[in-house]
Amino acid sequence: MASPTEEQSPDDTLTYMELAIQQAKLALDCLEVPVGCVILEGGKVVAAGRNRTNETRNATRHAEMEAIDVLLEKWQQKDGLSQLEVAEKFSKCSLYVTCEPCIMCAAALSIVGVQEVYYGCTNDKFGGCGSILSLHSSSSIPSHIGDGVGSEVARPKGFKCTGGLMASEAVSLFRSFYEQGNPNAPKPHRPLLAPPDNALNNLNVKEE
Amino acid sequence: MNTSQILHVPDKPPIPPHQQPTVNVLASVIEPKLANTIIRRLNQISPLEILRHVKRIQKKHVEEGKIKLLVILCVAGDGENESNNIPEGVQQLINSYQLSPFITKVCQYAATSKEDWEEQCKLWPTSFHPPTYNIDGIGGFIEEDSHSVFDFMQLTLKMARSGDGPIVNAAVIVDPSVNQIIASACDQTCSLYSSKAECCIRNCTKQPEVYGSHPDSSVVADHVNVSSDGSRDEPKQRHIGASCLNPWQWAAQQKLQTTSSSWHPLRHASIVAIESSATRDRRLFLSLGQDGDKSNGVYSIQSSSTSTTPTKRQKTDSTNAENGDKLDAHTEGLPSVSARPYLCTGYDIYLVWEPCAMCAMALVHQRIRRIFYAFLNPHAGALGSVHRLQGEKSLNHHYAVFRVVLPKEL
Ligand SMILES: [Zn+2]
Ligand SMILES: [Zn+2]
């Protein structure tokens, strides 16, 4: 039988968040808004992602979306798993991300059905896990949904959510992004960064 | 009955005009010749900070051309002993002019529509400022523009039912300044190509009953059925498999027989259309991004294009679009740096169904200017039904949202 869901010790969660921070640093190196994440399945890192909105000119390419795509590609294309099997695997995954998922990513995480999310700093302007909407909490879903419409309706899924892990590290990455701007750019044009579509405009992030 | 309509979906849930919340105020009749003195004094001792939209004074015409002036003294509590709450200055004023204050009601919030305003003034006059944000269409559409809106919506509906499988959601991104389609897509949650959506037929069959059980959605289903192109041998019952209607449905699907089909739970029509507009952007402006490292290229473009702040640049872009600068760039075949739109700034998107939270937020990120949808999404819609993202003040971008009601016969 499969091993019981292991309770993460505080040390472990910090180790995983450290990996997410590494991803955010990669984003920073590529002049992207520094947000990074990793996804764990059964205590093993199975995917990583970082923001790629500038490179792709697609403002939806947030770290979480990147990491989810890595898993879908792997499980579907390579392993040939069915929807049911993939859903089953997602339901055993936890995600570590440096900043509270935005409304889009929180909705996406609910749709794929991850078990748990750990994040660093909060996202006061766009956060979908408590700041603006609470898409992680299934109780926030209006009660008429899924009631009395038969068992065939897939109900909105919530996930466990814990914030404030290494928040100051996450914030300081944002700070260096906004302060230093593009270190490689010629000086006169120094701080002219693309409007960060990603999670954060200005430094509107907080350490928990 | 057979008229098309474009309805603005406002930032706040609509309240019937006669049910607007009110607050109690203390008012009094005053002598017209004392009006100036009293108003000046009241503005100092009892400014109506939270009721800026309420007029301080009202003129009532009484019989024989006579005029009665009523003035608001201060906000009153709900309690019985309102006299206890009267600020000292106001009490002095009451005493020195021997006023007889009474409690009356005024509307608590500024009117957002003309109808609300007319209703408010029945209680006590207020001022009304129509929405000032400058997105075309909020104040109504000119006929030419509404014709393009209907045309694009019909095209979108056609895409949604073009496959053999269930009716899916479809998205069309349009540059309204030149009526040009920038990108279009259908849901790709079930199969890579919705026209070959064999898996959907099997897996999405249960949805119509499910949604049919809700009064609103059965209306939706009827509309789609009736408006599907009317050919006789087409099966009467077209199943609805639009991803945004039940984003969690994908997980309940059984293993597929066909190994060739591809699926992706997050490839809703809006997400795919955004991706395709981003691809177009990179392709069109390819030459601009080639001076060095990829991401560096993006930045150097932006830094050389203009030295304004991001928000200012956004404005510049939409102005450019309106002036037709972008059109010039397209027709000359050599896009210039300044004509490169920032993401989907200035563009519209047409959707068959109101988008889910994921798609609605994706459209905020990509800076869409206006969203048009035909049908409500009662269980998962994020633009009025379950959530209302267009009214979330903290977001860094706000689009205008419209519902397009088409006649049943298309
Ligand atoms: Zn996000
Ligand atoms: Zn959607």
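Two strands count as paired if DSSP finds at least two bridges between them. I kept that in mind while going through this predicted model.

**Sheet in chain B.** I looked up Val29(B) to begin with: its bridge partner in β4(B) is Leu70(B). The strands concerned, β2 (residues 22-30) and β4 (residues 66-75) of chain B, run antiparallel and are joined by six bridges. Then I traced the rest of the sheet, which is open and has four strands in the order β3-β4-β2-β5 (chain B), with antiparallel pairing. β3 (57-62) and β5 (102-107) of chain B each have a single partner, so one side of each has no neighbour in the sheet. On average, neighbouring strands here are turned by 45 degrees against each other, direction ignored. Helix α1 (residues 35-45) of chain B lies across β2, β3 and β4, at about 15 degrees to β4(B).

**Zinc site.** What holds the zinc ion (ligand 2)? I found Cys244(B) (SG), His268(B) (ND1), Cys356(B) (SG) and Cys359(B) (SG) as protein donors, 2.1 to 2.4 Å away. Their angles come out at 103 to 120 degrees, so the arrangement is tetrahedral. For comparison, the ideal for four tetrahedral donors is 109.5 degrees. I noted the spacing of the donor residues as C-x23-H-x87-C-x2-C. Both Cys244(B) and Cys356(B) are buried.

**Cores.** I checked the largest nonpolar core next: it has 98 residues, and Phe90(A), Met358(B) and Leu389(B) touch the most other members. Helix α5 (residues 103-112) of chain A gives the largest share, nine residues. A second, separate core has 29 residues, among them Ile167(B) and Val404(B). Back at Phe90(A), I listed its contacts beyond four places in sequence, including Trp75(A), Val112(A) and Trp250(B).

Technical notes. Residues are numbered from 1 along each chain as its sequence is written. Chains are lettered from A and ligands numbered from 1 in the order in which they are written. This is a predicted model: local features need pLDDT of at least 70, side-chain atom pairs count only at pLDDT 80 or more; totals for chains, interfaces and linings use all residues. Side-chain values use heavy atoms; hydrogens and water are left out. A nonpolar core is a set of buried Ala, Val, Leu, Ile, Met, Phe, Trp, Tyr and Cys residues joined through side-chain atoms within 4.5 Å. Buried means under 20% relative accessible area, exposed over 50%, partly exposed in between (1.4 Å probe, protein chains only). Helices (H or I, at least four residues) and strands (E, at least two) are DSSP runs, numbered from the N terminus. Contact means heavy atoms within 4.5 Å. Donors are N, O and S atoms within 2.8 Å of the metal (3.2 Å for Na, K and Ca); water is not among the atoms, so sites may look incomplete. Four donors count as tetrahedral if all angles lie between 85 and 135 degrees; four count as square planar and six as octahedral if opposite donors are over 155 degrees apart and all others between 65 and 115; anything else is irregular. Axes are lines fitted to C-alpha atoms, for helices over the stretch in contact, and angles run from 0 to 180 degrees between N-to-C directions.
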